[in-house]
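My entries follow in the order I looked things up.

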Amino acid sequence: MSAVLYPYPGAENAPAYEQLNRCTDPEQKVEACLRAIAPWGGRTVLDIGAGSGFHTVRFAATAQRVWALEPDQRLVQQVEQRLARQPAGNVAILQAGAEAMPLTDASVDWVHARFAYFFGTDACLPGLTEVHRVLRPGGNFFVIDVNPGVGEYARIVCRAYPDIFYANYQRDHEAFFARHGFRCHAVSTVFRAPDRAALEAVFRMDFPHCWRELADTVTTLELTYGISVYHWRKDCRVMVPASSSTAVRAAARAHWPRRCSARRNSHCCT
Ligand SMILES: C[S@@+](CC[C@H](N)C(=O)[O-])C[C@H]1O[C@@H](n2cnc3c(N)ncnc32)[C@H](O)[C@@H]1O
């Protein structure tokens with residue numbers, strides 16, 4: 001299957017995108033959650049939708065090797081520029097999408113997809129199938145997403161994109177991931193800007209159509225932010241859900257075995 005490019009505005013504004021990553025979860029609570037579940041030290045890591053590589057190089061500090069998978073040429077260049085500033089000899093860039101990864105079967109231990117908002121509906125089944133293919137048995141897969149119901153920053157994201165973060169987004173996404181055998185962990189963190197100019201630069205990039213209106217509602221530099229960490233371990237067989245279209249199910253079955261022998265849909269939000 002050919003890659004579908006879901007464009008991201010950070011591709012056209014590297015400084016504001018960097019600021020956004022610095023402001024988001026500054027105490028790295030998401031990373032702490034991932035580490036507590038499955039540490040990546042000494043592992044082969046795959047960062048899907050790596051963006052500018054902000055998280056990629058953090059993983060590279062202790063991983064054995066890191067693949068930065070990114071389809072957008074402009075963001076590939078941002079990763080290259082980062083690697084020139086922050087050399088990491090164990091990082092390699094793959095310009096490709098989640099739907100067709102140029103990696104061999106069972107070659108990766110640990111997969112990360114952060115704010116890769118295209119994960120969470122049946123449209124991402126080809127990507128899930130690819131993750132299943134490239135992960136070694138016992139490997140771990142994490143999808144990190146906004147929890148639109150929790151926190152001031154998440155609520156701003158919802159106001160900016162009501163069609164994406166619709167009323168039942170969280171319920172539907174939790175149900176989707178549960179059907180696929182993921183567990184959901186809730187992380188409470190913050191968005192913290194160093195000053196008003198930084199906050200406005202981030203808002204202008206991420207919410208170009210309504211940034212002024214949204215920025216005017218914010219009177220502090222720190223906003224609470226709920227994030228969902230969905231985790232799946234390749235130690236259990238997962239059933240392709242009956243709700244998938246026949247064609248997608250047939251494609252997915254090629255890689256997703258039929259029955260879950262244990263803990264199917266084991267799902268909890270902590
Ligand atoms: C919201 S950005 C997040 C980037 C990065 N993970 C971060 O946290 O900074 C989503 C990323 O997914 C990438 N992307 C778009 N379509 C994709 C696809 N089909 N497969 C993999 N990544 C894709 C975008 O180019 C962008 O880099």
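Predicted model: local features only at pLDDT ≥ 70, side-chain atom pairs only at ≥ 80, totals over all residues.

**Ala106.** I began with Ala106, which has 14 C-beta neighbours inside 10 Å and therefore counts as partly exposed. I located Ala106 in the loop between strand S3 (91-94) and strand S4 (108-114). Its phi is positive, about 50 degrees, although Ala106 is not a glycine.

Which way does the phi of Gln28 point, positive or negative? I found a positive value, near 55 degrees. Gln28 sits in the loop between H1 and helix H2 (29-37). I count 14 other C-beta atoms within 10 Å of Gln28, so this residue is partly exposed. I also checked Asp25, which follows H1; its phi is positive too, near 50 degrees.

**Helix H1.** Next I asked which residues of helix H1 (residues 14-23) are buried. They are Tyr17, Gln19, Leu20 and Cys23. These residues lie on the same side of H1, because they cover an arc of only 160 degrees around the axis. I then looked for what covers them. The cover includes strand S6 (183-192) and helix H8 (196-206).

**Helix H8.** I turned to H8 itself. Its buried residues are Leu199, Ala201, Val202, Phe203, Met205 and Asp206. They pack against H1 and helix H9 (211-216).

**Core.** I looked up the largest nonpolar core and got 63 residues. Val202 of my H8 list is among those with the most contacts inside this core, along with Leu46, Val66, Ala68, Val111, Phe142 and Val229. Which strand gives the core its largest share? Strand S5 (residues 135-146) does, with 6 residues. Leaving out residues up to four places away in sequence, Phe142 touches Leu34, Val111, His112, Val229, Tyr230 and His231. Val111 and Val229 are in both lists, as contacts of Phe142 and as core residues with the most contacts. I noted the general background: in soluble globular proteins, nonpolar side chains tend to be buried together.

**Gly51.** I followed up on Gly51. It lies in the loop between strand S1 (44-48) and helix H3 (54-60). Is Gly51 buried or exposed? Gly51 is buried, as 24 other C-beta atoms lie within 10 Å. Beyond its neighbours within four places in sequence, Gly51 contacts Tyr8, Gly10, Glu70 and Leu75.

**Whole chain.** The chain has 10 helices and 7 strands. Of its 270 residues, 41% are buried. Among contacts with a separation of 6 or more, 74% join residues 24 or more positions apart.

**Confidence.** The average pLDDT is 88, and 86% of the residues score at least 70. Over residues 239-244 the pLDDT is below 50, and I see 13 contacts beyond near neighbours in sequence. Residues 251-270 also have pLDDT below 50, with 43 such contacts in the model.

Key:
Residues numbered from 1 in each chain as written. Core = buried A, V, L, I, M, F, W, Y, C linked by C-beta atoms within 7 Å. Buried ≥ 20, exposed ≤ 12 C-beta atoms within 10 Å, placed from the backbone. Helix = DSSP H or I, 4+ residues; strand = E, 2+ residues; numbered from the N terminus. Contact = placed C-beta atoms within 7 Å. Arc of directions from axis to C-beta. pLDDT = per-residue confidence, 0-100.
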